[in-house]
Amino acid sequence: MSNPSLLILAGDGIGPEVMTEVRRVIDWYGDKRDLKFDVSEDLVGGAAYDKHGTPLTDETMAKAQAVDAVLLGAVGGPKYDNLDFSVKPERGLLRLRKEMDLFSNLRPAQCFDALADFSSLKRDVVAGLDIVIVRELTSGIYFGEPRGIFKEGNERVGINTQRYTESEIDRVARSAFELARKRGNKVCSMEKANVMESGILWREVVQKVHDEDYPDVELSHMYADAGAMQLCRWPKQFDVIVTDNLFGDLLSDAAAMLTGSLGMLPSASLGAPMANGRPKALYEPVHGSAPDIAGQGKANPIACILSFAMALRYSFDQGDEATRLENAVEKVLADGLRTADLIGEEGVQPVSTREMGDAILAALDESL
Ligand code: IPM
Ligand code: MG
């Protein structure tokens, strides 16, 4: 049998430097655990635009469709701010999500004990936090039609459309209930049913899926604004949160800060199962391309490395190896290693991207 295949799209800004550390982790698994992957690399975002005039070529799109999993770094940067909307770096990422039909975006927010004091919230509130936001990723206001900037009388009007079909809500709700069964068995669904019809339908469908097929899972509903407040007030009340594309975008950035740094959080975007039974999948850190620190070797590679851990778990049935990698990250944090984004305490010297990678590899070696 051939090795499982991975397509690496490092992208822009800090993407390439954090991905270099992930490549070393991938090689470690090949050498030390005999888990070999066929790795190929290609361009996305601004990097693809610079070479091809488009943030994602059809060839790269076809490769992404053919592999077992895609690993993405980050896209975007100020250099591309004035490009036409249709070729902005972000469009490359959105095309991947849409055409691979990656409707279920898992964004865990887990607080490592060593970082609990680093959160802007009190230790009590965040220590031991372990929640997952399941964000719908292929529909809603990100993709709804009509959209555009139109002329209306003597002024312009900007339009985006929030649109959800029952089947789109149904499938993401199922993925949240399935996930909850493997965790704390609790789902909170968030929308704005008080002001949006799409929210009313969302609530109805989630409730129906629950009553028919997941009555054993505890389900609650919350307006998304109240949900944002509750996330800051007492996040440990949640287990799995399921929400739409835009609310999920906002709530997951907020949840990320509970854990201390955006530089820590991985994500998995999953679609329907392929012929081999694996879900179509793309893994990427929640953080962006951080152009302000790009190329300086100080970015935190942990979110991207933990994204590979999610790939091991969700695409390659290697839950134990994923845990090994997560434990290695936990160990280096407990040992006091901090990249610049995690420096709050006085007297702590930050380590570089490479040094953090070295330490994680050493912790992996120790785990054998
Ligand atoms: C995210 C990002 C993206 C989004 C951007 C880069 C298109 O903010 O993945 O959260 O808005 O979905
Ligand atoms: Mg976002």
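Q: How do the residues that line the largest pocket divide by class?
A: This is a predicted model, where local features need pLDDT of at least 70 and side-chain atom pairs pLDDT 80 or more, while totals for chains, interfaces and linings use all residues. Ala, Val, Leu, Ile, Met, Phe, Trp, Tyr, Cys and Pro count as nonpolar, Asp, Glu, Lys and Arg as charged, and the others, Gly among them, as polar. Sorted that way, the lining comes out as eleven nonpolar, three polar and six charged residues.

Q: What volume does the largest pocket have?
A: A pocket here is an open set of points on a 1 Å grid over the protein atoms alone where a 1.4 Å probe fits, with protein on both sides within 12 Å along at least five of seven lines; lining residues have an atom within 4 Å of a point. Points join across faces, edges and corners, and the volume is the space filled by probe spheres set on them. That gives about 490 Å³.

Q: Which of the 20 lining residues are closest to the centre of the largest pocket?
A: Residues are numbered from 1 along each chain as its sequence is written, chains are lettered from A and ligands numbered from 1 in the order written, and side-chain values use heavy atoms, without hydrogens or water. Closest to the centre are Pro108, Gln110, Arg183, Arg313 and Glu326.

Q: Why does the largest pocket lie between domain 1 and domain 2?
A: The domain bounds come from an automatic or database assignment. The pocket lies between the two because its lining takes residues from both domain 1 (1-107 + 266-368) and domain 2 (130-258).

Q: Which residues are around ligand 1?
A: A residue counts if one of its heavy atoms lies within 4 Å. By class, this shell holds one nonpolar, no polar and five charged residues. Its members are Glu90, Arg97, Arg107, Arg135, Tyr142 and Asp249.

Q: How many Å separate a polar side-chain atom of Arg97 from an oxygen atom of ligand 1?
A: Asp249 has a polar side-chain atom 2.8 Å from a ligand 1 oxygen, and a side-chain N or O atom of Arg107 also lies 2.8 Å from one. For Arg97, the distance is 2.7 Å.

Q: Which peptide bond is cis?
A: Look at strand β6 (residues 144-152), where Pro146 sits. With omega near 0°, the cis bond runs from Glu145 to Pro146.

Conventions. Polar contact = N/O pair within 3.5 Å; in protein donor to acceptor, adjacent residues only side chain to side chain. Helix = DSSP H or I, 4+ residues; strand = E, 2+ residues; numbered from the N terminus.
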